[in-house]
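Subject: Structure for your review

Dear colleague,

My notes on what was found in it follow directly after.

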Amino acid sequence: MEKLTAFRAMIGEVPAMDDPKYVQAKSRDYYWYSPILKEQLDPLSGQLVVQPRTEAEVITVAAACARLRIPLTLRGGGTGNYGQCVPLEGGVVMEMTKLDRIIEITPGRVVCEAGARIERVEHAVAETGQMLSMFPSTKRLATMAGFVSGGSGGIGSLRNGMLRDGTNITWIRLVTLEETPRVIELQGPDILKVQHAYGTNGIITAMDYGLTPKIDYRQVVALFDGYDTALKATVTAAEAGIESFLLTVCERRFSRFYKKLANIFPPTHDAVFAMIGPESLADFEALVAAHGGKIVLVKTDAEMDAAGLPPVWECGWNHTTLQALKVEPGIWTYLQVAYAPPLEYALCARQRDRYGEEIYWHHETARMAGEVHFFALPIVRWTTKERMYQIIAELEAEGCAIYDPHAITIEDGGMKAIDTVQIDFKREADPYGLMNPGKTRGWTSGMAK
């Protein structure tokens, strides 16, 4: 407590809150999707929340933490699924949502501060006839830097690749956690030093983000009598040059979780949720018909809102898990599975048959290095940790890669290897090892100054 008293004196007018209930709320994200993480992380909390409003205040907080050797955990909108903003060793939680200016919008780029809400940035760039290259299904709450630090892809990845691909991000500005903090700017491939680093090696204060000309994508729901058929239609659409921003396949057993779509997504058919460019709509309709499917919904964003319907981008990616947990809490958890292209339909069918009611399947399309890839984010009926890892081993034995959502560290979650570039940068930007400690296996206590 003496350290925290000294810390508050050192940060001066930076807003700070120590009410235990408030601090605990700000020490949480959506880790409860995983019963394994819930058991590990529920008891943990920071001791103080700070809300800097400017980069200068960020520097003040960073200097105080470094001088007093207090752990610092960064928080955006708190929509991560892996406990990224849960302090494992207490200390200070720095909520970035007050650092939210949209600095500049130019053709193809937006520059904004770290804590800007993604949906707000989206609305701002729309006024210039542009749209974000991609966004997460949690865009209503998520922040720009939170997505960059914890995400890999999302809605729009089918068209514009994963976050780290191409020009989705080309510039990041950050503050180091040193007794005399420095401001560092990363450009081009150097942004990979901090992208998907869980906030372990620098405090992002500003960044740029890719924009594309705005397309009024139609929100579309297509139904198929057979999951394989829905998958094949989706693969064909992704490879046929149809202008699509989202192609999500959900098997019919998900229908009971989509209450507001009861008249659109029945339990008798498998569904494809899509965002299709107006000029490609006729081609998509013909493709669906050629696969024996039928289009049951075509609406603009405004028409979806007016009808009180959830957007199709809240029917895919990890919102599938959220929808299931809203209806049947405590019953389900999930996995993240990647398939080597081309997608093997027989493998997908074997997996559905093998697990039956234990796993409900849902697949996403995205591009990596220009090639169409398929990912599955199935929901899994929860029993035990041992059973979960038995399933993971079975899927890996079939050639699937698992991005483990039940693991705390960056490496165990998806990379499966220590990113030495990110660790080398952590030595430079966080020499005392105070940032989000415990979230990367690549850093050991002996590395700290």
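I begin with Tyr-339, a residue that is buried, with a relative accessible area of 6%. Please bear in mind throughout that this is a predicted model.

Tyr-339 belongs to strand β16. Apart from neighbours within four places in sequence, its contacts are Leu-347, Cys-348, Gln-351, Trp-361, His-363, His-373, Phe-374, Ala-376 and Cys-400.

Strand β16 covers residues 337-339, and the loop that lies between it and α12 (345-355) contains Pro-342. The peptide bond that joins Pro-341 and Pro-342 is cis, with omega at about -5°.

The chain as a whole

The chain contains 15 helices and 21 strands. Its radius of gyration is 22 Å, close to the 22 Å that the globule rule gives for 449 residues, so the chain is as compact as a globular protein of that length. Along the principal axes, the C-alpha atoms fill a box of roughly 70 × 50 × 35 Å.

Of the 449 residues, 59% are buried. Among contacts between residues at least 6 apart in sequence, 72% join residues at least 24 apart. As to charge, the chain has 46 positive and 55 negative charges, and the mean positions of the two sets are 3 Å apart.

Cysteines

How many disulfides does the model have? The count comes to zero. A disulfide is a covalent bond between the sulfur atoms of two cysteines. The cut-off used for such a pair is a sulfur separation within 2.5 Å.

For Cys-315, the closest cysteine sulfur is that of Cys-250, at 7.3 Å, which is too far for a bond. Cys-315 is buried, because its relative accessibility is 1% and the limit for burial is under 20%. For Cys-348, the closest cysteine sulfur is in Cys-400, at a distance of 7.5 Å, again too far for a bond. Cys-348 also counts as buried, its relative accessible area being 2%.

Ile-203 is located in strand β10, which spans residues 203-213. Its relative accessibility is 0%, so Ile-203 counts as buried. Beyond its neighbours within four places in sequence, Ile-203 is in contact with Val-58, Ala-62, Leu-72, Leu-74, Met-94, Met-96, Arg-173, Leu-174, Val-175, Leu-177 and Met-435. Between Ile-203 and Asp-424, which are 221 residues apart in sequence, the C-alpha separation is 16 Å.

Glu-113 is part of strand β6, residues 109-113. With a relative accessibility of 7%, Glu-113 counts as buried. Not counting residues up to four places away in sequence, Glu-113 touches Leu-99, Asp-100, Arg-101, Ile-103, Thr-205 and Ala-206. The C-alpha atoms of Glu-113 and Ala-206 are separated by 4.1 Å, although the two residues are 93 apart along the chain.

Backbone points to inspect

For Tyr-198 the angle is about 60°, and for Trp-317 it is about 45°. Tyr-198 sits in the loop between β9 (183-187) and β10 (203-213), and is buried, with a relative accessible area of 6%. Trp-317 sits in the loop between α10 (301-306) and α11 (319-327); this residue is likewise buried, with a relative accessible area of 11%.

Helix α2

Finally, is Ala-25 buried, partly exposed or exposed? At 46% relative accessibility, Ala-25 counts as partly exposed. The residue lies in helix α2, which covers residues 20-25. Its C-alpha atom is 9.6 Å from that of Gly-78, a residue 53 places away along the chain.

With kind regards

Methods. Residues numbered from 1 in each chain as written. Predicted model: local features only at pLDDT ≥ 70, side-chain atom pairs only at ≥ 80, totals over all residues. Heavy atoms only, no water. Helix = DSSP H or I, 4+ residues; strand = E, 2+ residues; numbered from the N terminus. Rg over C-alpha atoms; globule rule 2.2 N^0.38 Å. Buried < 20%, exposed > 50% of the residue type's maximum accessible area, 1.4 Å probe, protein only. Contact = heavy atoms within 4.5 Å. Lys, Arg positive; Asp, Glu negative; His and termini not counted. Charge placed at Lys NZ, Arg CZ, Asp CG, Glu CD.
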